Amino acid sequence: MNERLRNVPDLPTHYLTEEQQALADQASKFFFSEFHHLNAEMDDTDDLSPSIFPKLGEMGYLGLNVAPEFGGAGLDFTSACIITEELSRASAAIGLSHAAHDNLCVNNIYRNANDDLRRKYLPGLCDGSLIGALGLTEPGAGSDALGSMRTTARKDGDHYVLNGSKIYITNGPIADIVLVYAKTSPEKGAKGISAFIVETDTPGFKVAQKLNKMGFAARPQASWCSRIAGCRRQTWWASWTAVWQ
Amino acid sequence: MNVQAGPGMAALAAIKANYSLTPEQRQIVDHVDRVAREILHPLQEKMDAEEWWPEDLFRQMGELGLLGITAPEELGGSGQNEFTQALVSETISKWNPAVGLSHGAHDNLCLNNILRNGSDEQVRKYVPGLCSGELVGALGLTEPGAGSDALGSMATSAVRDGNDYVINGSKIYITNGPIADVILVYTKTDKAKGAKGISAFIVETDNPGFKVAQKLDKMGFRGSPTGELVFEDCRVPASAMIGAENSGVSVVMSGLDLERAMVASVCVGMAERALELALDYARIREQFGKPIASFQMVQSKLAEIYVEVETARAFGYRALAACVGLPKGAGGRGEIHKLTAAACLYAGEAFNKAVTEACHIHGGSGYMQDTEINRLYRANKLLEIGAGTSEVRKIIIAEELLRA
């Protein structure tokens, strides 16, 4: 038998510590009392109430893996997953939106960005005043996300200019901050990709459409197809790009 | 081949004789395919988005010859058998599942049922209007408290009062309920007798005792109007009863057999469309520099979908062939009961597998509600629930197999 596939029962990988169990119980209680009753209406209207993210932030459920000095909860990754599980149990749609925000955007910035970027964005993302999203998939780039990526970022003096579109982006229509992948050296294929933080009030950004999904309709504000035309950003992103690669 | 001599032989010969389409059936299918593609297919999007039923659609279907497939020509019908009716259902459902569902409820559940079981007077009174689309038909069996146990738990009652019957109760999930003019309604006329105390009535919906309590918001087949119906001291003349008092159970059970054979065809039409959409998408969608159809894991799915479509069709047609010439009052038991339940069970599950894979091939776009493949995917669930759940279909098959 393949050693790597063997189940080792001694490893308590799926047992919770007492702290984690207490965290799960408290989260479950809060999410059910605050969110579960919203599901029918969210599914019906396909709208996420603006009070949800601030409420999650106030209760300490945003920035789960982010260190307290940046406003986060400082939890280990397993604990963050436990909270995601409990939130999804109470409301699948809020769970999806939360995961796109907290894992795809916030934790990504926390793990990969430089301190300037972390200090600039993380406190707002952790208190719920900023909503995050991540933009990878494109109309022509699904399973072949890296190879077929068409969105480009061209260096122009102290800025990068982004052009292209992203689709099926969870939180896209309500996000303040989108972590966007773009090709800075298309000829290098997957090795020519850089990541940028785009603020959605940048004039070159727009939400082309909010998409009408089959499920999760309570919505993680669905998805957007943004056209990032000439988003100008400062060079300090360039340093971050370097970190990323 | 292991063929046993006995009474089954004649039935098998009849199945074989009817198995391939006649030139006339081919001609009808071609006509329906063309009008369904040109007229009904473009209606899908708005019907689904708004639960919208085009107001004059039944009349239009009447003019196009899509109604009264089994009714005699002198009454305005096409004079065809149930096999051909199912081919029409299959073809309409392929291009517009919601219209296919409403068409089936009208043409098979209501019109064909009146034709088979109604008196000459009832047939003359209702069938011409149902054939022209001037009247819209529906059938009311399911109730809030009576689903799989439709007969046993039926609470709607009809009480004799002089020359009338007074109906009280409610029916739910009734296709065409909100727009129907004529509803074939099952009621209990003798509660003490259980299933043997059921009678069928034709209720005209302008009756003051009838009302539509609500139009329901469905997951799939959106646009086909589905409703909850309430009968409150709904007074109908004794002449509205179909057949004799307390003889409704044979009407229900034989009607359900034909309905299941038709539902199998609905599944076949929709599965065929799912295959077409999956093929189109797999050919045009490129990833990793090639159409995804060039990847063997996608090819495997396409092959499996094709097998589901064709096996469901083969089994469905076999069951339909057996329905042709089914004598009045027959059905609801025996070979036809088992065969139609089995074809329906198989087709519902085959369509589920086919449309799940076809939707998967569409990736993210298949998850968006406004794509055709997503509409097909959402419609699937009903086909394993309506006309008897998959479990009820299995019970029927097993009971017939085990009958001594």
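1. In this predicted model, the contact between the two chains draws ten residues from chain B and eleven residues from chain A. On the side of chain B that touches chain A, the elements giving two or more residues are α11 (363–367) and α12 (372–383) of chain B, and the largest share, three residues, is supplied by α11(B). Sorted by class, that side of chain B holds three nonpolar, five polar and two charged residues.

2. Within chain B, the domain assignment gives domain 1 (8–136), domain 2 (140–242) and domain 3 (248–402). The C-alpha centres of domain 1 and domain 3 of chain B are 19 Å apart, and the contact of these two domains takes 27 residues from domain 1 of chain B and 27 residues from domain 3 of chain B.

3. For the side of domain 1 of chain B that touches domain 3 of chain B, two or more residues come from each of α1 (8–18), α3 (44–50), α5 (82–95) and α6 (97–117) of chain B. By class, this side of domain 1 of chain B comprises nine nonpolar, twelve polar and six charged residues.

4. Turning to chain A, the axes of helix α4 (residues 77–90) and helix α5 (residues 92–112) of chain A come within 5 Å and cross at roughly 145°. From α4(A) the contact is made by A:T84, A:L87 and A:S88, while α5(A) brings A:A92, A:I94, A:G95, A:H98 and A:A99. The residues of this contact of α4(A) with α5(A) divide into four nonpolar and four polar, with no charged residue.

Definitions and conventions:
Residues are numbered from 1 along each chain as its sequence is written. Chains are lettered from A and ligands numbered from 1 in the order in which they are written. This is a predicted model: local features need pLDDT of at least 70, side-chain atom pairs count only at pLDDT 80 or more; totals for chains, interfaces and linings use all residues. Two residues are in contact if their C-beta atoms, placed from the backbone, lie within 7 Å. Helices (H or I, at least four residues) and strands (E, at least two) are DSSP runs, numbered from the N terminus. Ala, Val, Leu, Ile, Met, Phe, Trp, Tyr, Cys and Pro count as nonpolar, Asp, Glu, Lys and Arg as charged, and the others, Gly among them, as polar. Domain bounds come from an automatic or database domain assignment. Axes are lines fitted to C-alpha atoms, for helices over the stretch in contact, and angles run from 0 to 180 degrees between N-to-C directions.
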